[in-house]
Amino acid sequence: MLILFIIGVSAVNVTLFQADSALYSPQFCLMRNSNLEGKDWLETIFALSEKGRIYKSVDNGYKWSDETLILEKMGINDWFYEIQTSPANKEVVYIFGKNGTGIRSEDCGSHYTWFTFPSSFSDFKLNSMDDEWMLAFSNCERCHPPFNKEVHKSNDGGKTWQWILSSAMMASWDKLIDSELIPDERIVACHLEYNQSRVTYSDDYYNSYKIIHNNGTGFFQTQFHMFVISKFQSAYRLHVAPAFYDYAQMINISIPFDQQYSYTLLDTESESIFLSISHNQTNKKLTNIYTSDFQGFKFTISLLNNVRSLNTGQCDFEKIESLKGVYIANIYDHEKLKVVKESDLEKYKKTVITFDKGAIWHPLKAPETDVNGQQIHCSGDCSLHLQGRSVSKIYRESKAVGLIMASGNIGLYLEEKTINTYFSRDGGMTWYEVRKGHHIYSFGDRGGIIVMAKAKSLTEELLYSWDEGLSWESIKIPKMIVTSITSRSLYINFIITGIDEKRKGIILNVDFTTLHQRICSGIWDPLDPDSDYEFWIPKNYENGKCLFGQKFRHTRRKRDAKCFNQQSYDKLQYIDSCECTIEDWECDYGFYHKIDGGPCVPIASLFEEDQYIDILKPPENCTGTYMKSQGYRKIVGDFCTGGVDLDPIETPCEDGLQQSLSNQTQTLAQNSIKKEQIFNETVQVEMNVNVGIQLNNSIYIGILIILIAFFGFVFLKKMKAKENLDMKKDYYSNFERGERISLREDDDGI
């Protein structure tokens, strides 16, 4: 039975619609507005239920219709499981059923046509340039996993299908950007050919193809890059090429460690790439995060021991889209890795933040008081810790500048049993506890309205705030478990889905327009006391106002201004450029530093000498001089000038080689202090005895000293190798080569 009614509240209207079962997150389709006045596009919302029924709203969720009834009148009966909007046309939507029925609409559901496909087809991929082109996959019974898929294509909206490839592991349309260099028909695939895995591309539906990389075991495309994983013997490697170029020019990505077992692309839309790599085959939930140079070829360590979910492959790593260079991540305590069991690691997770694209990571500053005004005692290693996407998500919105909401706790580590809700309005610099307990939440009106509900438990209450969590007002709703809260950035109504006690699906539309609040004013003069807006200048961890060599200020709504924002764009103003400081530099390839900053040191301090590339060593066949790293490189996208200069310095080849050897010897000595002291005492005794006997024979003395020094150096290297091997086993235990490598999806990444 379908129910539609209004829950009466004086200020906010809540419309309820009951579905047959629990609902998946709403999908949006945009249809061009024929009325020249008003919005250019009108939104249609689709919601799919667990039992395969389709619901649609054309008025922002006020009223809903069961589209399955319309399809049944057309003679179409199926269990629908997937809705996709065409990336080539905002008005075209496809719906796929388990029994081989496909639905296509060219006007966001106003009219439907249908087609059939073999029920074995799945994983449909729509082309980004033509709304009638799609790929589908089926199982290949004679093939062996993971190359056990057959690829099919349709060029007429699913009416007819053609087989194009067998023994495939994955395939995708290549046209992610509108470039004349890439044909619309190009397909990239990883498949088996003559018992050899390879990544290839074809411009004629695999009547012919070109090899991108032999021994390829996976690939992933972004708007600007093509990534390929290859396997040779027991080693895995990651390669990259520009997304709009000939893929024959794949370049090996430079990573300072050989052991690589899984990759997760975290962010590829900035000037540099964030990449997570698991170096431990037996514990792939432990990863390191790397950041690339501007070309995307050479990577340096940004963060050690990042948390990764084994169930989803997602990493606890969040980009704060409203601000440049701000990321939040969870890590395992490095010290605990050496002493606790793998099963106990979940007790030792910490949250860190960076304001400079991963150059330096810091703990989150805990609030000074709780939501009730009581003082919070947090000092020393105590800090704020937030749940990451391995459990839930840190909420942020690209058009809500500086606003972040998350669930977590204050203490030494993240504790799942004592979760409260926290809010930041300055990009993660300072935090406020805004509610006790674990909640689910969303922003509307560019952060002007926040709506939340209790998470993962039955509730009869919605909460909303006009002042970014300073105060909350309550809305009574039917008893339900809220599963999602959705709002478009500029909208002041929210779509809320959930289930009741009988697991029936519920859709609520919460409309704030009935509050009849005024539209905010004064955006062009935030200094006017009557303006509803303010200037805000982002700062770094040390409260410096220079970020990436520049000063900017945002214009945003004041926290206590109870008005609708309704600004369709962010007002950002350039103020000034800045001199370079140490904060404008990150560790160079082959170097790293700890969470709390400090100098960049060679990565050799973590691993054996033969497990890293000596960045200080002159290149082979060096003649004259070469450019030697000082351990730093300027952060990609940083525009500072003058000031601190940590660029590579020109160094004579001979001087560089001598210093490299000296640094290696010094590193060995620093890691073997006790053994070196004992050995030096022994050497000194031997030298004294021999000098006493051969006091008058300077030649023999010289030879003896040289021999002792030589064997001493050899002895030190052996002791260092043994000690570092033990240290390496503590850090990465039981290294073994895996037979497969996973390319996992992390939001918009892998």
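# A guided tour, starting from the core

Begin with the largest nonpolar core, which has 25 residues; Val451, Val510 and Phe512 have the most contacts inside it. A nonpolar core here is a set of buried Ala, Val, Leu, Ile, Met, Phe, Trp, Tyr and Cys residues joined through side-chain atoms within 4.5 Å. Buried means under 20% relative accessible area, exposed over 50%, and partly exposed in between (1.4 Å probe, protein chains only).

Before you go on, note that this is a predicted model: local features need pLDDT of at least 70, side-chain atom pairs count only at pLDDT 80 or more, and totals for chains, interfaces and linings use all residues. Residues are numbered from 1 along each chain as its sequence is written, and side-chain values use heavy atoms, with hydrogens and water left out.

**Stop 1**

Strands (E, at least two residues) and helices (H or I, at least four) are DSSP runs, numbered from the N terminus.

Next, click on Phe512. Leaving aside residues up to four places away in sequence, Phe512 touches Val12, Ile449, Val451, Tyr464, Ile492, Phe494 and Phe564; contact means heavy atoms within 4.5 Å. Apart from this core lies another, of 20 residues, with Tyr236, Val240, Ile273 and Phe299 among them. As background, nonpolar side chains tend to be buried together in soluble globular proteins.

**Stop 2**

Two strands pair if DSSP finds at least two bridges between them.

Zoom in on strand 4 (residues 41-48) and strand 5 (residues 54-57), which run antiparallel and are joined by four bridges.

**Stop 1: backbone details**

Select Asp123, in strand 11 (residues 122-126). Its phi is near 55°, a positive value in a residue other than glycine. Asp123 counts as partly exposed because its relative accessibility is 37%.

Asn215 is next, in the loop between strand 17 (210-214) and strand 18 (216-221). Asn215 also is not a glycine, and has a positive phi of about 65°. With a relative accessible area of 25%, Asn215 is partly exposed.

Then look at the peptide bond from Pro145 to Pro146, which is cis, with omega near 5°. Pro146 sits in the loop between strand 12 (134-139) and strand 13 (149-154). For context, most residues other than glycine have a negative phi, and most peptide bonds are trans.

**Stop 2: a cysteine in a loop**

Select Cys622, in the loop between strand 47 (597-602) and strand 48 (625-628). Is Cys622 buried or partly exposed? Cys622 counts as partly exposed, at 22% relative accessibility.

**Last stop: the whole protein**

Zoom out to a protein with five helices and 52 strands. Buried residues make up 53% of its 750 residues. Of the contacts with a separation of 6 or more, 52% are between residues 24 or more positions apart.
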